[in-house]
Amino acid sequence: RTGSRGGLLSFGGGIAALAFCGGRTTRGARLTIALAVLGLLGLFLRREFSVGSATAARLERSWTEGDTAGRTGIYDAAWEMFQERPLLGYGGGNNHFFLGTRLNKSGRSDRVADIDTHNVFLAVLTEVGIIGGGPFIAALLLAVWAGWRGGRRTGDALPFAMMCALLIMNVSTTGFRQKIFWIVLAAAVAAGSREAKRAHASVPS
């Protein structure tokens, strides 16, 4: 509805992940389905450009002007904050107000605005630094690996695809405060854990 470019990228990335993960026996079918869905997405975008919709306008600004809806300035300021306090960050919630101060943004009654980093990795690093953010980022990467491992051995690539879409989406948003973030993370970890348990059980004692 909003013409989200990040939403389109995460959708395409999730479909691509669904196509390339999973067992060989179903790879042909999954590739066919993925190509069909991406083809429909291409037709949808063509229609958006033909009618001059908000989605088409945002995509055109991104391509011709490098427009990121103000995110480039936010990313640069957040990265500078991380470099200043790389180990412990600015503390929970405080990073948003420090970011608002750095960007000279005002909220209601001329108070400093609460500015989101629009990036889950920058959010964690500016909030709790490497000490707190390192384990969090490592856990995300392990969840991706668990989803991939489960998909390759069982043919069920959906947890891996959802995890890929989630990470792509969170490059331009901060989603770890949403329930769906943790549900997808749990599904990917469970897929890998289930397969690891089966592999362990099949090893003769």
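Predicted model: local features only at pLDDT ≥ 70, side-chain atom pairs only at ≥ 80, totals over all residues.

Residues are numbered from 1 along each chain as its sequence is written, and side-chain values use heavy atoms, with hydrogens and water left out.

Start by selecting residues 71-84, helix H4 (helices are DSSP runs of H or I, at least four residues, numbered from the N terminus). Now color Ile74, Ala77, Ala78, Met81 and Phe82, the buried residues of H4 (buried is under 20% relative accessible area, exposed over 50%, partly exposed in between, with a 1.4 Å probe and protein chains only). They cover an arc of only 145° around the axis, so they sit on the same side of H4 (the arc is taken from the directions from the helix axis to the C-beta atoms). Show helices H5 (94-102) and H6 (120-154) too: the buried residues of H4 pack against both (contact is heavy atoms within 4.5 Å).

Next, pick Arg102 and Glu84, which meet in a salt bridge at 2.9 Å, N to O (a side-chain nitrogen of Lys or Arg within 4 Å of a carboxyl oxygen of Asp or Glu). This pair ties H5 to H4, 18 residues apart.

Then jump to Arg177 and Glu127, another salt bridge, with closest N and O atoms 3.6 Å apart. Arg177 lies in the loop between helix H7 (158-169) and helix H8 (179-202), and Glu127 in H6. Arg177 is partly exposed at 49% relative accessibility, whereas Glu127 is buried at 17%.

Note on methods: Helix = DSSP H or I, 4+ residues; strand = E, 2+ residues; numbered from the N terminus. Expected span 1.5 Å × (residues − 1).
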